[in-house]
Amino acid sequence: MTTLMVADDHPLFREAIAAVIAAGLPDSRLLEADSLAQAMREAQRHEASLDLLLLDLGLPDAAGLDGLARLRDALPDLPVAILSAEQDRRTVLEAIELGAVGYIPKSTPRDDLLAALDRILEGHLYLPPQVMRRPPPTRHDSPPAPLDDRLTRLTEKQLEVLEALGHGASNKGIARKLGIAETTVKTHVSAILRRLGVTSRIQAVLLAGELDLAAYLAERRGR
């Protein structure tokens, strides 16, 4: 059974999400919280079974992305997706930089919301389509590297780190998963950015999606 939690201080919205999940994800249960403090208590209590926490950015005891940062610090292995009315591109990308595994606008239609949840629960990053569309390059942008060989520039360990970044893992979580030091993870991330020709983790994740990292890894591992 899939266990999700929605942290939102509006009872009617929690009811609406509960109805959508009950209809679209019948083999699941939904926990509810109306504050960050309650969400953290419930998440710690259900840590072994909780698959995803849906976090609103307007909780009464957490301002903006502060709640996400506190959750990631307290529970670095818990997948957290933002479910918010805020759709500013910078906020979306900052949330992913902080380790959110997805960002779902509250205006998302029901079927698209369920598709987003399915994608996140399968271990993929989800961003709203308007964010996936890159803004036009400025004259200060460096020319992009050729698309056909950027992934081949990465070592096996760097590919594993990039894959983990795409799942929203923090440096600490990646270090634990791969059995390496956190400083080594930071070194790998810096090398990944340099070899992919990007300047931030989120750009690396977006580019990995465009280059179909999952298919590339499946091909390598199938050899």
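This note goes through the strands, helices and charged pairs of the structure above, point by point.

1. **Basis of the model.** The model is predicted, and local features are described where pLDDT is at least 70, while side-chain atom pairs count only at pLDDT 80 or more and totals for chains, interfaces and linings use all residues. Residues are numbered from 1 along each chain as its sequence is written, and side-chain values use heavy atoms, with hydrogens and water left out.

2. Helices (H or I, at least four residues) and strands (E, at least two) are DSSP runs, numbered from the N terminus. Strand 3 covers residues 52-55 and is covered on both faces, for L52 and L54 on one side and L53 and L55 on the other are all buried, where buried means under 20% relative accessible area, exposed means over 50%, and partly exposed lies in between (1.4 Å probe, protein chains only). Two strands are said to pair if DSSP finds at least two bridges between them. Strand 3 pairs with strand 1 in the parallel sense over four bridges, and in one of these V6 has L54 as its bridge partner. Strand 3 also runs parallel to strand 4, to which three bridges join it, and here the bridge partner of L55 is I82.

3. **The crossover.** Strand 3, helix 3 and strand 4 together make a right-handed β-α-β unit. Right-handed means that, with the strands pointing away from the viewer, the path from the first strand over the helix to the second runs clockwise.

4. **Helix 1.** Helix 1 has 14 residues and reaches 20 Å from its first C-alpha to its last, which is close to the 20 Å expected at 1.5 Å a residue, the expected span being 1.5 Å times one less than the number of residues. Which residues of helix 1 are buried? They are F13, R14, I17, V20 and I21. Seen down the helix axis, the buried residues fall within an arc of 125 degrees, so they line one face of helix 1; the arc is that of the directions from the helix axis to the C-beta atoms. An α-helix has 3.6 residues a turn, so residues three or four places apart point the same way. The face of helix 1 turned away from its buried side carries the exposed residues L12, E15, A22 and A23. The cover over the buried residues of helix 1 includes strand 1, strand 2 (28-33), strand 4 and helix 5.

5. **Helix 2.** In helix 2, which spans residues 36-45, the residues L36, A39, M40, E42 and A43 are buried. These buried residues pack against strand 1, strand 2, strand 3 and helix 3, with contact taken as heavy atoms within 4.5 Å.

6. **The salt bridge of K106 and D8.** A search of the whole structure finds 11 salt bridges, a salt bridge being a side-chain nitrogen of Lys or Arg within 4 Å of a carboxyl oxygen of Asp or Glu. One of them joins K106 to D8, with the closest N and O atoms 2.7 Å apart. K106 lies in the loop between strand 5 (102-105) and helix 5 (110-121), and D8 in the loop between strand 1 (2-7) and helix 1 (11-24), so the pair ties together parts that are 98 residues apart in sequence. K106 is partly exposed at 27% relative accessible area, whereas D8 is buried at 0%.

7. **Two further salt bridges.** D77 forms a salt bridge with R176, the closest N and O atoms being 2.9 Å apart. Because D77 lies in the loop between helix 3 (66-74) and strand 4 (80-84) and R176 in helix 8 (residues 171-178), the pair ties together parts that are 99 residues apart in sequence. D77 counts as exposed at 52% relative accessibility, while R176 is partly exposed at 47%. The side chains of R220 and E156 also meet in a salt bridge, at 2.5 Å from N to O. R220 lies in helix 11 (residues 213-221) and E156 in helix 7 (residues 156-166), so this pair ties together parts that are 64 residues apart in sequence.

8. **Q158.** Q158 is placed in helix 7 and is buried, with a relative accessible area of 5%. Leaving aside residues up to four places away in sequence, Q158 touches R153, H188, A191, I192 and R195.
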